[in-house]
Amino acid sequence: MAVPTTELAATAPQPAPVSPGRRRRLRFAANPKAATGLVILGGFVLLAIIGPWIAPHDPSLRGTDLLQPPSAAHWFGTTHLGQDIFSQVLAGTRSVVVVGFVAGIVSTALSILVGVTSGYLSGAGGESLSALSNVFLVIPALPLIVIIASALPGTDNLTIALVIGLTSWAWGARVLRAQTLSLRRRDYVQAARATGESTWRIILFEIMPNLAAVIASGFISTVIFAVTSEITLAFIGVGDTSTWNWGTILFWAQSQQALAQGAWWWFVPAGLAIALLGTALSLVNFGIDELVSPRLRGNGGTTARTEDGHRVRMRVGFTPVLGSGRKDDPARRQRGSTAASVSERGADHARSRASRPAVRDDAVLEIRGLDVDYGLGDAAVHAVRDVHLTLRRGEVLGLAGESGSGKSTLAYGLTRLLPPPGVVAGGEVLYHPERGEPVDVLRMSPAQLRRFRWAETAIVFQGAMNSLNPVHKVSTQLMDVIKAHDPTSSRADRRDRARELLALVGIAEDRLDSYPHQLSGGMRQRVMIGMALALQPRVVIMDEPTTALDVVIQRQILRQLTELRERLGFSVLFITHDLSLLVEFSDRIAVMYGGRIVEQAASADLYRRALHPYSDGLLHSFPALRGPRRELTGIPGSPPDLRAMPTGCAFHPRCPRAFEPCAQRVPVLGMPRARQGEDRAGDDRAGNDRAGGDHAVACWLHPVQDTRF
Amino acid sequence: MSAGSARPAAPAPEVVLAADGLTKHFPVRARGRALLSRTRPSLRAVDDVSLTLRRGQVTALVGESGSGKSTVARLLAQLHQQTAGSIRLHGEPVSARGGRRFRAYSRRVQLIFQDPFASLNPVHTVRYHLTRALKIHGRAGESRKDLEDALADLLTRVRLTPPERYLDKFPHELSGGQRQRVAIARALGADPEVLLADEPVSMLDVSIRLGVLNLLRDLKERLHLAILYITHDIASARYFADDTVVMYAGQVVEGGDSETVTQRPAHPYTQLLIDSAPDPDRLAGADSGTREAGTGEPPSLITPPPGCRFHPRCPHAMARCRTEAPPPLAIGDSPGHFAACWLYDEARQP
Amino acid sequence: MSYLLKRIAFYLFTAWAAITINFFVPRLIPGDPVQALITKARGQLTAEAVQSLYVLFGLDSEASLLDQYVRYLGQLLRGDLGLSFTFFPSPVAEVIGDSLPWTLGLVGITTVVGFLIGTGLGTVAGWRRGSWVDLVIPVTTFLSSIPYFWLGLIAITLLTGPGSFFPASGAHDTGLVPSWDWEFVGSVLQHGLLPAATILISCMSGWILSMRNMMVTVAAEDYVTVAHAKGLSERRVMVSYAARNALLPNVSGLALSLGFIVGGTLLVEIVFSYPGLGLQLFQAVGAKDYPLMQGIFLIITLSVLLANFLADVAYLVLDPRTRREG
């Protein structure tokens with residue numbers, strides 16, 4: 001019997017049910033697995049209907065050709081009594097299909113009844129129904145069916161189907177109960193209750209439609225189980241061995257020693273028919289699975305071809321980089337593929353840099369012309385477009401943006417951690433080591449990248465909840481990264497270091513051997529920050545590190561981070577949607593919209609004199625805690641959809657000051673002509689000259705003179 | 001700015017919904033040693049919370065995650081039954097057990113959820129959601145045309161125009177802000193007196209939050225709604241709400257009109273909350289970090305600390321705070337401003 | 001600890017439910033099945049055997065249902081499962097005792113090994129999507145749709161016969177007397193190889209598929225991305241981060257599907273005439289040997305419960321989140 005894998009998958013946590021309706025049905029039919037399965041299944045159903053009529057012989061009729069191999073007269077050969085095996089298989093199809101579907105319907109109906117009811121009803125009723133299905137689940141079904149079926153007086157197809165149906169509902173009930181339990185907690189079910197819907201309407205119209213895929217998948221699994229059970233029962237002789245189904249054919253073959261006589265044709269056709277029917281049903285189920293959890297879909301999503309025929313291997317953890325050089329430099333493209341060592345490439349960059357404006361020598365990480373796409377060719381969605389950004393030694397650079405601005409894609413792209421179908425479509429990410437020539441992260445081999453990661457740039461992700469491996473102790477996760485980069489270190493040293501790191505972020509030593517689930521959200525994020533500092537990296541990238549935390553904890557962590565940065569001198573790229581937080585916490589801010597950087601300036605500068613209407617609107621979207629209360633409006637409209645980006649400046653449809661060029665041409669990021677002198681003269685907090693002169697904006701209101709960004 | 005900076009001493013608007021001593025304990029499974037003791041452990045999500053919602057006014061309920069603020073909303077919506085305490089609608093005690101009575105109550109008190117991605121059923125269209133809301137509360141009219149008019153009216157109210165562009169869309173075809181507007185329209189479908197908004201904008205993009213808040217304020221003024229605005233963002237409470245109530249670990253620690261609570265916070269926890277909120281005017285480096293109260297985390301609600309629940313984190317904690325729970329004490333700097341803190345006890349009885 | 005206690009209570013309850021089903025099913029048979037059996041046995045039954053049959057079917061009318069039930073439970077406690085009439089006059093317990101070790105050896109070991117190999121292959125298939133490993137999927141789908149016993153038939157046709165290394169039936173050479181010497185053990189291994197391979201191939205494919213799917217899901221989790229970002233070796237990320245977590249649902253899946261698997265594997269014994277419980281069940285069905293059928297049902301159920309419990313313990317060891325102290 002097949003292990004019902006689809007149901008296993010269904011018990012695992014799944015993304016929210018996908019969009020419904022006709023489109024879903026169309027997509028299902030377009031799924032090649034489901035389509036193949038449905039076609040084969042259709043063939044069997046057709047045979048079940050017309051099989052007995054088109055059979056060339058009466059399946060039970062004895063003939064004179066005893067135990068003959070396949071021939072023109074008997075396509076599948078004959079039995080020891082001269083019966084035509086082809087006719088037997090045809091005649092047997094009906095009973096197999098009927099028993100399968102009747103048992104499937106009975107079992108599915110029972111599992112819906114028990115599963116959905118016990119899932120929706122809380123309290124003792126639900127619990128005891130659930131216990132009942134669990135009991136049925138662990139009792140081995142086949143022996144149970146055998147003792148029940150052999151105790152019954154008549155064992156016709158219908159009885160067998162009922163017995164199978166009555167003994168196989170438990171798995172479906174369990175899956176449906178789990179799903180219903182999770183659906184019951186969904187907001188839309190709560191919202192329907194709050195609207196005043198009645199319980200039965202909620203079950204029928206709010207919960208059931210969302211269970212459709214799970215129910216269908218459960219139904220098919222039961223059909224598979226019922227078909228195999230029926231055949232198995234017939235094979236061991238339970239039931240009426242004189243009615244034909246594929247199992248009875250095998251029963252007679254076995255009991256007449258077909259094997260010993262070399263009569264392979266006697267049992268091969270029936271077995272193949274079973275396997276084919278089972279495969280068809282499994283394929284349909286795969287289709288349903290892929291519909292429900294899109295992650296399983298996409299022929300691997302792992303190798304694809306670009307327009308120019310290059311094979312791109314999509315690997316989790318190593319985002320592919322298309323092309324091999326800067327778009328505007330064909331000569332480099334050739335060299336890039338042959339260059340062997342990192343340092344050689346670094347030298348390349350150093351040479352190519354001479355032709356461009358000098359970069360300040362305090363740069364640690366320099367992003368040039370970075371493009372990041374989802375998908376390839378015409379289907380590609382451009383999430384990050386031509387981004388230039390420089391992170392300087394010891395600074396906090398804030399990257400602000402809303403959903404779809406590309407800020408997280410940028411972070412994942414530059415570290416090459418973007419999962420498929422993400423690809424880096426072009427650009428350079430230069431890392432400037434303390435000594436030596438800069439290296440391009442995008443041109444590193446997997447081995448080089450592994451050595452580089454965490455040692456030079458560490459990352460703290462958004463969900464501290466999910467960033468730690470739930471099955472390993474905190475100490476294990478702190479120590480494995482040290483070991484990976486310094487295999488010669490001793491275990492005791494690593495443990496000491498782990499202890500040190502926890503102390504660094506203010507966590508007591510006795511938490512070293514805790515599991516992540518034993519820590520609060522704030523503590524987990526501290527552990528992640530401590531882990532990020534394990535190898536004393538020069539760059540720490542933080543993607544919404546405090547968004548999931550409460551303000552008080554957020555403040556504690558940010559204060560600690562500021563202290564650590566002052567002590568250890570690393571640079572931070574701080575990504576968040578909360579611009580008000582950045583103004584307070586970072587040295588410089590870059591604002592992203594629609595995949596591009598639209599403004600970049602020192603924090604104080606941006607806060608006082610935002611030039612881009614979007615930055616300005618965003619700053620005025622945060623109600624103030626102090627000062628006079630003002631009427632605020634936010635920004636009309638919604639952030640753009642990456643798949644349908646507006647032409648020209650992506651912000652123009654929402655911009656209150658849009659004018660003629662905005663819809664046509666994309667503005668370039670650069671220093672506005674009018675403001676240069678003013679900025680230079682302008683006051684500069686902290687008294688150094690590094691922040692003041694760097695106010696760049698991409699907006700037609702502020703035509704650009706110097707495009708050195 | 002219409003919403004009352006320093007409201008005149010005009011008679012306060014009529015109280016629509018009032019909660020008195022609202023308490024909700026969720027039973028939790030006993031484990032290990034707790035199995036042996038007689039008392040069944042419970043999670044004390046909400047303990048003795050009182051608040052009032054007035055016609056045409058917004059009351060904000062501010063707190064961190066786990067403070068019990070969302071549970072208060074669900075108690076007021078009668079999605080949960082309270083363990084103790086009472087809820088009165090226009091002075092009448094509410095009992096919404098049973099289908100018909102619950103439906104009658106929900107006609108007058110509607111709830112808006114935090115996450116518009118989750119609060120609309122992905123298999124149904126906007127039309128279905130709104131039609132159900134109208135039909136349940138008997139406002140769908142007699143004819144098909146009445147229904148169409150009512151639907152168009154609802155969408156227009158939440159400024160999703162032209163209505164026909166949105167009626168037959170599925171939730172996933174709408175942006176976050178549009179979805180939340182549909183959710184608001186569904187709540188309005190019952191023509192309620194009270195709107196309970198549980199973090200209605202926290203899942204939305206920053207640039208569109210104010211649009212939704214301004215819409216709610218506009219509706220409040222036109223329909224004279226009483227709104228409970230639940231949020232973790234005290235700055236938005238100052239912007240949007242007339243009165244603000246602050247919760248910590250299941251209890252109310254401070255309340256009063258929003259301007260007073262945010263500008264002159266009395267309770268040490270409210271002060272901590274305000275100091276922790278991002279403030280662009282306090283630029284990097286300017287943060288002196290004077291208050292070292294920002295340590296520790298909220299307590300377990302299964303075994304909350306005795307006395308004042310904030311005392312383990314409080315910089316001003318006294319011996320008394322560890323044993324006796326403080327009652328709400330009037331502050332006296334503005335009418336209605338109170339804090340549950342022993343620091344203000346002397347002020348009352350010298 | 002309380003988790004294990006709860007599971008033990010559940011299994012005890014389930015065992016009781018199975019015993020109760022076992023008690024009531026024969027009483028559902030209408031008419032007088034004993035008479036039919038006596039006729040069928042053509043007078044070879046002793047008075048004692050006839051009496052025990054009447055007890056089995058609850059036809060000894062003097063006793064009330066409750067008395068019968070209590071007496072039945074008492075008999076079970078003493079290990080008395082009645083008399084088999086296929087192997088008359090051996091008691092059922094003895095017959096089962098003879099065949100149980102063979103089944104445990106064949107089905108028990110192959111199920112565990114199949115789970116391990118399948119999970120291992122599934123790990124690789126899920127991790128290296130887009131490579132040749134993807135071919136595993138259609139092949140395993142097809143294999144998992146084939147009934148185990150039919151695969152056994154094919155194996156016998158193709159691989160056994162005169163001069164072949166693989167014997168077509170039995171558990172050991174008929175000439176040998178069971179003992180712990182090399183000759184016997186070697187013969188047992190030789191006989192077990194083909195049925196074991198059949199079971200392995202069939203039950204492995206399910207695990208490959210489910211582990212692959214879980215790996216695909218887990219590979220997108222944040223902690224796996226973090227593991228990549230930490231610069232850990234590919235192997236460590238795959239094993240210690242992705243597979244270690246993907247394994248959890250597979251282990252609970254193992255516990256839940258043991259009941260299904262055991263039913264299927266038993267039939268392989270029939271094809272290979274392997275002297276285990278499956279073959280006995282086959283013979284019992286053919287001979288309408290109710291006491292034997294029921295005894296086998298009970299023993300299989302209890303073994304599956306025990307195996308389930310072991311899987312629960314394994315889960316407990318694997319997932320720290322279920323290990324709550326207190």
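How much area do chain A and chain C bury between them? The figure is about 7,700 Å², with 71% of it on carbon and sulfur atoms. This is a predicted model. The points below cover the A–C contact and then the nonpolar cores.

**The contact between chain A and chain C**

- Chain A gives 87 residues to the contact, and chain C gives 85 residues.
- Three salt bridges are found across the interface of chain A and chain C.
- One of the salt bridges in the model pairs A:Arg450 with C:Glu234. Their closest N and O atoms are 3.7 Å apart.
- Polar contacts across the interface of chain A and chain C link 11 residue pairs, both residues being at pLDDT 80 or more.
- Helix α12 of chain A (residues 264-292) supplies 12 residues, the largest share of the side of chain A that touches chain C.
- That side of chain A has 52 nonpolar, 26 polar and nine charged residues.

**The nonpolar cores**

- The largest nonpolar core has 144 residues. Those touching the most other members are A:Val146, A:Trp246, A:Leu250 and C:Trp150.
- Helix α10 of chain A (residues 199-236) brings 16 residues, the largest share of this core.
- C:Trp150 touches A:Leu250, A:Phe267, A:Val268, A:Gly271 and A:Leu272, leaving aside residues up to four places away in sequence.
- Another core, of 102 residues, lies apart from the largest one. Among its members are A:Ile367, A:Leu414, A:Tyr593 and B:Val206.

Note on methods. Residues are numbered from 1 along each chain as its sequence is written. Chains are lettered from A and ligands numbered from 1 in the order in which they are written. This is a predicted model: local features need pLDDT of at least 70, side-chain atom pairs count only at pLDDT 80 or more; totals for chains, interfaces and linings use all residues. Side-chain values use heavy atoms; hydrogens and water are left out. Contact means heavy atoms within 4.5 Å. Buried area is the accessible area (1.4 Å probe) that two parts lose on being put together, summed over both. A salt bridge is a side-chain nitrogen of Lys or Arg within 4 Å of a carboxyl oxygen of Asp or Glu. A polar contact is a pair of N or O atoms within 3.5 Å; within protein, one must be able to donate a hydrogen and the other to accept it, and residues adjacent in sequence count only if both atoms are side-chain atoms. Helices (H or I, at least four residues) and strands (E, at least two) are DSSP runs, numbered from the N terminus. Ala, Val, Leu, Ile, Met, Phe, Trp, Tyr, Cys and Pro count as nonpolar, Asp, Glu, Lys and Arg as charged, and the others, Gly among them, as polar. A nonpolar core is a set of buried Ala, Val, Leu, Ile, Met, Phe, Trp, Tyr and Cys residues joined through side-chain atoms within 4.5 Å. Buried means under 20% relative accessible area, exposed over 50%, partly exposed in between (1.4 Å probe, protein chains only).
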